[in-house]
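Please load the model in your viewer and keep a selection panel ready.

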Amino acid sequence: MSQTVARAIDIVAFVSRRHRTLGEIADHLGVHKSTALRLLQTLEEGGFVRRVPDNRYAMGFQLIAYGQLALDQVEARALARPVLQELGERCGHTVHFAELVGDRVVYVDKIDGRGSVAMGSRIGLPAILHTAGVAKAILAHQPDRERWLSLCDYQRFTPTTVAGPAELSAELDRVRERGWAEDDGEHEDFLNCLALPVRDARGQVTHSLSVTALKVVAPLAELRAHLGEYRTAAHRISRALGWGGDDHGSR
């Protein structure tokens, strides 16, 4: 990849997290402000970044259009959406759908719950591998576990965050054995979720769905009480993707 292209990609990712000044962008790239400005001007012309009133830079609206086109090409998302919407309407909580993409688990759909609050998950962004239920539901079924364990940074967000590779590996063993994953306030301490694996036509776990709720509204014990309903939804999506086996991964 050329240095210019790499820097342009870096800028887009950098401003996507929050608005940045020219100086912050130049410092992030390790270049002079004039070099950063030339890159920003090109990106701005293409709609990939935009200037906001405080003279900072933000992600451009053209990325939203391209992002929607990319999402429209995700066949699994289109097949899963009716099931996700139905589940969201019944349970009233936020429902996520994630996909294994290279070395990441990416949120490809999200149905907001009734009275939902702001949370860190966003369509198109990667899930945090060692905290997110959708990630653990997928990672538990991958054959190259050691590689995945090495990709996690194990940042500690809350007292319940997984502390390291040994702890995560043990957690993935539990996920695989019982058939579902949980996030017990491991990234945002006021939220918890329960996640189920979704299989493709080969029986491989390539996707997952989760139900996320405020702990004060639905603690983990309450989410577990509806496990059968969530498992049925995951199985319906698996069958839409071509899986002919049962909801436990057996044919």
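Contact, as the word is used on this tour, means heavy atoms within 4.5 Å. The model is predicted, so that local features need pLDDT of at least 70 and side-chain atom pairs count only at pLDDT 80 or more, while totals for chains, interfaces and linings use all residues. Residues are numbered from 1 along each chain as its sequence is written, and side-chain values use heavy atoms, with hydrogens and water left out.

Begin with Gln142, which sits in the loop between helix H6 (133–139) and helix H7 (145–151); helices (H or I, at least four residues) and strands (E, at least two) are DSSP runs, numbered from the N terminus. Gln142 has a relative accessibility of 14% and counts as buried, where buried means under 20% relative accessible area, exposed over 50%, and partly exposed in between (1.4 Å probe, protein chains only). Once its neighbours within four places in sequence are set aside, Gln142 is in contact with Leu100, Trp148 and Val205.

Now select residues 2–61, which an unreviewed UniProt entry annotates as "domain: HTH iclR-type"; UniProt positions are given in the numbering used here, feature names are shortened, and annotations may be inferred rather than shown by experiment. Over residues 2–61 the chain is 62% helix and 10% strand, with the end C-alpha atoms 25 Å apart.

Stay with this stretch and show the side chains of Arg56 and Glu24, which meet in a salt bridge at 3.5 Å, N to O; a salt bridge is a side-chain nitrogen of Lys or Arg within 4 Å of a carboxyl oxygen of Asp or Glu. Because Arg56 lies in the loop between strand E1 (49–51) and strand E2 (57–59), and Glu24 in helix H2 (residues 22–29), the pair ties together parts that are 32 residues apart in sequence. Arg56 is partly exposed, with a relative accessible area of 27%, and Glu24 is likewise partly exposed, at 27% relative accessibility.

How many salt bridges does a search of the whole structure find? The search finds 18, and one of them joins Glu86 to Arg90, with the closest N and O atoms 2.8 Å apart. Both residues lie in helix H5, four residues apart, about one turn of the helix.

For the last stop, select Leu84, Phe97, Leu209, Leu223, Tyr230 and Ile237, the residues with the most contacts inside the largest nonpolar core, which has 26 residues; such a core is a set of buried Ala, Val, Leu, Ile, Met, Phe, Trp, Tyr and Cys residues joined through side-chain atoms within 4.5 Å. Among the elements that give two or more residues to this core are helix H5 (75–91), strand E3 (94–101) and helix H10 (227–240), and H5 gives the most, with six residues. Apart from this core lies another, of 23 residues, among them Cys152, Tyr154, Ala181 and Ala195.
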